[in-house]
Amino acid sequence: MSRCDSCFGWDATDSTESLQLALSDAMVSTLIVDVPPDPVVGWVVRPLFITRDDLTVIFEDGVLLHARKGHFQGVDGDQASLLTVYKASNVTLEGRGNATLRMRREDYLNASLGYVEHSEWRMGINLLYSSQIRVHGLRVEDTGGDGIYVLGYTDIHISGCVLDRNFRQGMSVINASNLLVERTTFSNTDGTPPMAGIDMEPDSHCMMFVNVTIRDSTFIGNSGFGWILSPSMLNGSSRDLSIVLENITVSGGATRPPPDTAHPAWRPGLGLGITGILQDGTLRPDWGHGATGGSVLISNSTVSDTW
């Protein structure tokens, strides 16, 4: 077990090197990030990476992990995200009490600060090609992209999190099997469409949504859908869908006119949606490459006060 504190190498300007050293140390199985001498400043960092197996990172009550101002200017999510887990297994990110990962979404709209590209790839937690991942009890806010981005393999558990004021989605799921999301709030997503609480959207027919469960969660005030499935890239050779939404509450919606009402994957302030589906259950011909099978079960859920 190792602790990151003022003795370990906290720096009010930039603590990236000390935190990255601890994250990369194969001798550390549990890393505790505690409240630094100035809790308002927090741990100021550039992009951080976990690229090894068998690591638990505990953010103690009151910890703030804060994106350094003037950085995260790339458009590659791998290099512009706050914390990326890449090709790793058995990794836990746990917040105790009020632990926050925060970026600087308003800065990323300001070309005078060097942010010349539109913002959608600056993720808070970026889960890539990894398995046995647990994210518990964290608040992820003010990102320039998604609160959490999942391009994973299998066995991913998100619980007790708050994903607030993120720019593109609260959470994007591109590929996953055995994904469980529970007791999590997705709120106030606004910026780059689709602006959903959760957007499930594969990049190719080889990707899958198998044994995905989202339960006991709240979607509130998102400018796009609360939850949306966009399966247009799947086809007859894809794995069958198996998605369950249970005890979901969706409320609120867009508070401003839509920037692009013709955008086929975006409808303002709606509740739960599956795009590109005809009444007979097949994909629209201009959207996909052929129908895929499987099931999407929505139960004990409510939608209110949406457009």
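Trainee: What does the accessible surface of the protein come to, and what share belongs to carbon and sulfur atoms?

Mentor: About 12400 Å², with 50% belonging to carbon and sulfur atoms. Accessible areas come from the Shrake-Rupley method with a 1.4 Å probe, and for residues only the protein chains shown count as cover. This is a predicted model: local features need pLDDT of at least 70, side-chain atom pairs count only at pLDDT 80 or more, and totals for chains, interfaces and linings use all residues. Residues are numbered from 1 along each chain as its sequence is written, and side-chain values use heavy atoms, with hydrogens and water left out.

Trainee: How many helices and strands are there?

Mentor: Two helices and 21 strands. Both are DSSP runs numbered from the N terminus: helices are H or I with at least four residues, strands are E with at least two.

Trainee: What percentage of the residues count as buried?

Mentor: Buried means under 20% relative accessible area, exposed over 50%, partly exposed in between (1.4 Å probe, protein chains only). Here 53% of the 307 residues are buried.

Trainee: How is a pair of aromatic rings described?

Mentor: By the distance of the centres and the angle of the planes. Rings of Phe, Tyr and Trp (its six-membered ring) pair if their centres lie within 6.5 Å; planes under 30 degrees apart are stacked, over 60 edge-to-face, the rest tilted. The count here is four pairs. Take W121 and Y149: centres 6.3 Å apart, planes at 70°, so edge-to-face. W121 lies in the loop between β8 (89-102) and β9 (125-128), Y149 in strand β11 (residues 146-159), so the pair ties together parts 28 residues apart in sequence.

Trainee: Is Y149 buried or exposed?

Mentor: Y149 is buried, at 7% relative accessible area. W121 is partly exposed, at 32%. Now take Y129 and Y153, a tilted pair: 6.1 Å centre to centre, 50° between the planes. Y129 is in the loop between β9 and β10 (131-141), and Y153 is in strand β11, 24 residues apart.

Trainee: Which residues form one aromatic cluster?

Mentor: Y86, Y129 and Y153. Y86 is in strand β7 (residues 83-86). Y86 is partly exposed at 31% relative accessibility, Y129 at 33% and Y153 at 46%.

Trainee: Where does the charged end of R168 sit?

Mentor: A charge sits over a ring if NZ of Lys or CZ of Arg is within 6 Å of the ring centre and within 35 degrees of the ring normal. The charged end of R168 sits over the ring of W121, 4.8 Å from its centre. That of R122 sits over the ring of Y108, 5.0 Å from its centre.
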